[in-house]
Amino acid sequence: MTLRRTLTAVAAATLLALLPNTAQAAASYPDPRPITGQQIIHDPSVMHLKSGGYVAYSTGGIIGARLSKDGKQWDDAGNAFAEPPSWWYEYNNTGDPWAPDISYRAGRYWLYYAVSSWGTNHSAIGVATSDSGLPGTWTDHGKVFSSETTDSWNAIDPGVIKADGKLWMAFGSYWTGIRMVELNPVTGKAIEGATVDHLATRPDLPYAVEGPYIVKHGRYYYLFASYDACCAGVNSTYKIKVGRATDVEGPYVDSTGKPMLEGGGDLVLEGHGRYVGTGGQSVFKDKGQDWLAYHYYDAEDSGTPKLGLNKLSWTKNGWPVVL
């Protein structure tokens, strides 16, 4: 990159950081960080391990795993589990888990994931723990929370956050959108009889919002979610939106004040150029820097889903911007 191009990029990033989040929708989005090695991934959850290096877990395989020493070169590392736990087959006949979420608390790594079948809300979220967070070291602890066809929500796409001394799990896909339940911090499972909060939805069928992930920045909680259609290669229309609240249970609103329960949400990232259908996102912190992890469908590689990583900055008004 020439000096002139470098200065231009820096100036553009600085300008974006000063603009309200809604302005980024009209700007050109930055490309993801260049990476090498095994780039294929779907619904990534990334963490910098305490032992050093990075791990990314994803939909595919028995929770597919990637490892990296520097966050740039990624290598296939097999799967989180050697064999599917037997209870998964209650929810699909292939023992196929979706959309994992890795976190660390109480001296252990926690891996949440979903098991379901396409087009049904007969679904469940499970949890496993590990001392190292590495693939092949996980012990499964069974169901955290489930949904049935009589419910108005879908128990997939978990995202866990500790807030105000309590543990919470956001989840949801279509079926009236994004929900949340309180978890028992000891077992990591839903508290019996827990209220199912409603965080975000769309005003129209099929309520195409899913994949929630909540992070705290400053005095606000930020709810990131994927809107529209995934899983259709170059025809995917996934995009990432966000709202915020002063309470983890909401209400979440966008920068115009429109509630996410009424279809609100600021656009954070959408497809551009070869990077189609950006979504399935999560946020992780590395050396004090926030990063957005997501998948995109590569229009120059037959729509293959690949890992997207972008730095996440915050405007003076406290809204996230990808860099």
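Aspartate 157 is buried (under 20% relative accessible area, against over 50% for exposed and in between for partly exposed; 1.4 Å probe, protein chains only). The model is predicted, and local features need pLDDT of at least 70, side-chain atom pairs pLDDT 80 or more, while totals for chains, interfaces and linings use all residues. Residues are numbered from 1 along each chain as its sequence is written, and side-chain values use heavy atoms, without hydrogens and water.

Aspartate 157 sits in the loop between β9 (139-147) and β10 (159-163). Strands are DSSP runs (E, at least two residues), numbered from the N terminus. The aspartate 157 side chain reaches the backbone nitrogen of glycine 211 at 3.0 Å. Beyond neighbours within four places in sequence, its contacts (heavy atoms within 4.5 Å) include Ala99, Phe171, Glu210 and Pro212.

An open sheet holds five strands, ordered β1-β5-β4-β3-β2, with mixed pairing (at least two DSSP bridges between two strands). β1 (36-37) and β2 (45-48) are the edges; each has a single partner strand, so one side of each lacks a neighbour in the sheet. β3 (residues 54-58) and β4 (residues 64-68) run antiparallel, joined by five bridges. Tyrosine 57 has alanine 65 in β4 as its bridge partner.

One disulfide (cysteine sulfur atoms within 2.5 Å) is found in the whole structure. Cysteine 230 is joined to cysteine 231, S to S 2.1 Å. The link is left-handed, with -55° about the S-S bond. Cysteine 230 is buried at 15% relative accessible area; cysteine 231 is partly exposed at 38%.

Technical notes: Helix = DSSP H or I, 4+ residues; strand = E, 2+ residues; numbered from the N terminus. Lys, Arg positive; Asp, Glu negative; His and termini not counted. Salt bridge = Lys/Arg side-chain N within 4 Å of Asp/Glu carboxyl O. Polar contact = N/O pair within 3.5 Å; in protein donor to acceptor, adjacent residues only side chain to side chain.
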